[in-house]
Amino acid sequence: MLKHPKLTQDRIRLFTERMAQQIWTEKLPLEVQVAGPVGRIPLAEARRLKYRKASLGLALQPAWSTWWFRAKGKLPIAWKSRSVDLIFNTKSEAQVWIGGEPYQGLNYDTAHPYKDGGRVNARLPADLVRRGIIDVEVEAAANGLFGIPLAEAGYSNVSEGSLWVFTEAALALVDEEAWKLYHDLFVPAEWVRLAPDVKKLDPWRGFVLARLNELCNLVVPEDRATWKKAAPILKEIYRQKNASYSHEITAVGHAHIDTGWLWPVAETVRKCARTFSTATRYMERYPDYRFACSQAVQYEMMKERYPGLYRRIQAAVKRGQWVPVGGSWVEPDCNIPSGESLVRQFLYGKRYFRQELGFECKEFWNPDVFGYSGALPQIMKEAGMDHFVTQKLSWNQFNKPIHQNFWWEGIDGSRVLTHFPPADTYNAMAHHHAVRDLIHQTENCADNDRTNQGLMLFGYGDGGGGPTTHMLEVLSRVKDFQGLPRTAQRPVDAFFTRLKKSLKDIPVMSGELYFELHRGTYTSQARTKLGNRKSEVALRAVELLYALAPRSTYPAEEIEALWKTVLLNQFHDILPGSSIGEVYAVSDRDYRDILAKASALQEKAASAWGEGKGLSFINPCSWSRSGVVECPKGPKDADSTPQKSASGAPLAWLNAPSLGGATPGIGKAPRPSAVSRQGSNFVLDNGKIRAEFLPTGELVHLVELETGRESILPGEKANAFVAFDDHSNNWDAWDMDVFHLETRRALPGARSAKILEKGPLRSTLEFSYAFAPSRMTLQVSLDAGSGHLDFAAEMDWRHRHTFLKVEFPVAVKSDLATYEIQYGAVTRPTHFNTTHDIARFESSAQRWIDLGEPGFGVSLFTDCKYGYAVHGQVMRISLLRSPTSPDPEADQGAQAFRYAIYPHAGTWREAQTVRRAYEFNHPWIPATVGVDPASRASIDSPHLILDAVKKAEDSAATILRLYECHGERGEALVRLPRGSRKVEHVNLLEETKTALPVENGQVRISFRPFELISLKVT
């Protein structure tokens, strides 16, 4: 042994495996019947199916189908006082049902069958074993933890279901002594096996190696009589304790079930049941077990579909074994949702946890999301959250995080204590790596000079499954094992208490937590992103109209249901575009349903804003607004209509105060918009800007007429469509790599051009493109009084692995460009000076970006795009991608999007870019009644945006949600809705912070840069 430590390590490993084989020494086959294939049906319906004898080797086909099994058996008398496992293997996911309730999940892992990853067994309840008659039902799904294998992985026979096969159904007698001895042996054996250099063992590893070798000489796994000889040797090993100061792990069980990804949301419901029934079952055997679970929507799924299991979860929460975390409706993407969407994630999530579970979540739990907006710390704090947990930035491509514990400071100055679990995973201990991950966590700590505390999330995740009994057995033996971190299972709030007590010299990380991967998710699955933006806008309008209408009943339940569907689809693999096609077939239907219902609600609410018959429009913005609108029907005096649109609908000029009404035809438009020809080129001019287009669609001149400043870089062409090869090194739908910029190629210009509208209210050009195999029609409009050009595209997109962008080389030079994020804006570099700059070659934004000099700038707006880049003086909008995995048909077919270019004098703040982009996204709201033009509410500061008006959750009061948009500090006077008598400054949960005095229907507030302010008005 002394001369051959590697041989000894191998001997101990093989000896341990022999010991594992003694756990199940006797098996009895079960009599099994089967019914299927069927869909995802409930147990009651499954019991009415026609069953037949099930033979081993039965293939479960097709993919995504369900098969129901009935298994029966009789135990020998000698087994009735022993532990008995049900073994049921379909090489797929399955749910064991006993007594009409979901008992435990089964999760087969093809990489590790019958080991830690192959959960094919369930410990039967003792009362059932004592009775001796076994009668169970098994619901097997023709899919695995990660859905169905993708075609590029080499599986051509997925549709035939040959991956999922019924291979075993048996009862197994459990040898508890063998189970205990195996795990007592496993921990030191695995620890010594993982020695960094077996030829240079430290004294403690040498001691353990020698003692285990001695054990191998004395014990024969197949001879029970020798097992007692192991006890004194193992006792001697476990007697040695850790140093007085060492790394200390708080271990929390975890499953991270993606609400939609490589499986549809309908399958997520069953994944949750399988995982949660397993967790609650293991809690009965392991009192120390703590299982953390986020995402209120998954609890709601259980309440609706599995009420008995839900009651078990509620009981486990009360015992302290089940730990609700996160406080959000789902684990959302944090780049694409609007600020109000993120607010609703916490509002609905935290209310659910409070009302249903009596639990207060103090941490935002979002470990697998593709970047974190600088607005989040303030939103978290306003939702009563002080802590943040993620690990995703450990994946960074260029710059790994330098700290794992820090104050994260948002753009407004709010701070939350942030922890990155040092194991760099939310699936620790999986795949038989229980001891390895404990060692890795210790070695990977970045802040050992500041704290000795670390959080470890253990269990199978992404597709669910959660911790195994093997993991729990290991944790019970490493509480204070010399050479491993001191480890205990605790709730998450207990971890943060320990962290705050130990953490010294806490660093501060300011601004966004940019993720240096998965930048393609800003653009993939464009229709989903369009549906999300349109739904957010529509629900804002519905809530505002009902909240401010003098004669209406607020449909709170219906609005909440629509919001929750929006929030569900903001899950971090749905909205970013990284799910399978089945997910998007459902989300497309969801968005159509949301928009149809929101439209009906909007029409009803708008009619309550006035009386009589007529056509009016409501300004949904919190400032006075004017502009051109397309009327659903003509004004009363048809002769007063100066222009009809290309579709034949009348155009009208509107002018309305903040949150007030306007009647078409009343008021005079400013200087008209006109279109002319200049040689073969087209010129649009409305007295504010003049734009010149080539007949091929490129913009060659754009002059801001107040300053006379040319916006387009001399000699360059803007509104140029360019394509890039879109073959990332990894993760097709998720990623684009920086080298894609080297593949830029200009696409052909328009094949035809024509004048579609000639003013005076709107001038429009139409260009037709053929980017074989794709086609596009682009309309470019300039409205009277407008400072921006409006581009509206309709496209049949048929490219594959091609990245489509539109670029604007502008006559503006700056090292920094400004990008709108939720409730504010951030600057990012336009150069590649450092690796941090290179990493941001593509960035996300909400509605606009800006490149500016002190006296002049250019802004770009979009109505549904989130990926942008500014390199040097070239501004780009990412329009479409065409990945083929995990959805082979991603983005194929019809697409529609709008964007705009806005040249302006002064900075983006002085030019009110925020307001102009807001107007671009929030259209006038038509009403079929005469609407009083008086303003319903207003703010006297150009720096504040009224972003949401809604009914309070628990009273008839109205919530006004404002934010400071320019990074300014000051005071403002808010004119309140008529009849307001009481105002309270509240947090996002609508809990009172302070009362504010009301004078003459107004309230004065102070604000700091990018502050989010919620007012509760009675």
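**Exercise 1.** Work out which residues Thr 66 is in contact with, leaving aside its neighbours within four places in sequence.

*Solution.* Start with the ground rules: this is a predicted model, where local features need pLDDT of at least 70, side-chain atom pairs count only at pLDDT 80 or more, and totals for chains, interfaces and linings use all residues. Residues are numbered from 1 along each chain as its sequence is written, and side-chain values use heavy atoms, with hydrogens and water left out.

Step 1: look for contacts, meaning heavy atoms within 4.5 Å. Thr 66 has them with Ala 35, Gly 36, Pro 37, Val 38, Gly 39, Arg 40, Glu 139, Ala 140 and Arg 270.

Step 2: pick out polar contacts (a pair of N or O atoms within 3.5 Å; within protein, one must be able to donate a hydrogen and the other to accept it, and residues adjacent in sequence count only if both atoms are side-chain atoms). The side chains of Thr 66 and Arg 270 make one at 2.9 Å. A polar atom of the Thr 66 side chain also sits 3.3 Å from the backbone oxygen of Gly 39.

**Exercise 2.** Decide whether Thr 66 and Pro 29 are buried or exposed.

*Solution.* Step 1: recall the cut-offs: buried is under 20% relative accessible area, exposed over 50%, and partly exposed in between (1.4 Å probe, protein chains only).

Step 1: Thr 66 has a relative accessible area of 0%, so this residue is buried. Pro 29 comes out at 68%, so Pro 29 is exposed.

Step 2: Helices (H or I, at least four residues) and strands (E, at least two) are DSSP runs, numbered from the N terminus. Thr 66 belongs to strand E4, residues 66-74, while Pro 29 belongs to strand E1, residues 24-29. Beyond residues up to four places away in sequence, Pro 29 touches Ala 169 and Ala 170.
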